[in-house]
Amino acid sequence: MTDIGVMNGPNLGRLGRRQPEIYGRLGLADIERDLLGEFPEVTFHFFQSNHEGRLIDQLEAWADQGIRRVVINPGALTHTSYALRDAIEGLDLWVVEVHLSNIYRREGFRAHSVIAPVARGQISGLGALGYRLAVRYLLDEAGVEA
Ligand code: DQA
């Protein structure tokens, strides 16, 4: 069994209802259910919060439990949060940054991620599929059969 954390930041708890033309019609529970179905060999730890500090607390808790592989969609904190970036770097996590929308073809402020330099990689614009691809990568890196 491989443990993977799936973290979603501010406003992502309202997926499915929030600007579906941009973020799609799936809710967060749908995305989580999809991952559970697709990767039965993974023990998933799902967490969503609108609060920066709670996200950091959770990353620390995961690291303390030995959960170092994390898929994260930080929402708008992607563009602003040095604190979240420092947590990822300081905890030595293997993070894949996921965005449902393509952050490079929207408003200019979204085109910069302060998280990307401390992530293993970034998936942007592939909708909910991005979460699956991120998990796939983390599993392959872990050398686990899927
Ligand atoms: C997002 C993109 C961010 O710019 C935005 O603030 C979000 C969602 C995405 O998944 O496309 O909340 O991370």
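1. How much space lies in the largest pocket? In this predicted model, the largest pocket holds about 160 Å³ of space, and the space taken by the ligand is that pocket.

2. The lining of the largest pocket comprises 15 residues, and those that lie nearest its centre are Arg-18, Tyr-23, Gly-75, Ala-76 and Arg-110. Sorted by class, the lining has 6 nonpolar, 6 polar and 3 charged residues.

3. Around the ligand itself stand Arg-18, Tyr-23, Asn-73, Gly-75, Ala-76, His-79, His-99, Leu-100, Ser-101, Ile-103 and Arg-110. By class, this shell has 4 nonpolar, 5 polar and 2 charged residues, so that Arg-18 and Arg-110, which count as charged, belong to the surroundings of the ligand.

4. For Ala-76, a backbone N or O atom lies 3.1 Å from an oxygen atom of the ligand.

5. As to burial, the ligand taken alone exposes 320 Å², and the protein buries 99% of that area.

Technical notes:
Residues are numbered from 1 along each chain as its sequence is written. This is a predicted model: local features need pLDDT of at least 70, side-chain atom pairs count only at pLDDT 80 or more; totals for chains, interfaces and linings use all residues. Side-chain values use heavy atoms; hydrogens and water are left out. A residue is near a molecule or strand if one of its heavy atoms lies within 4 Å of it. A polar contact is a pair of N or O atoms within 3.5 Å; within protein, one must be able to donate a hydrogen and the other to accept it, and residues adjacent in sequence count only if both atoms are side-chain atoms. Accessible areas come from the Shrake-Rupley method with a 1.4 Å probe; for residues, only the protein chains shown count as cover. On a 1 Å grid over the protein atoms alone, a cavity is a set of points where a 1.4 Å probe fits but cannot get out, and a pocket is an open set with protein on both sides within 12 Å along at least five of seven lines; lining residues have an atom within 4 Å of a point. A molecule sits in a cavity or pocket if more than half of its atoms lie within 2 Å of its grid points. Grid points are joined across faces, edges and corners, and a volume is the space filled by probe spheres set on the points.
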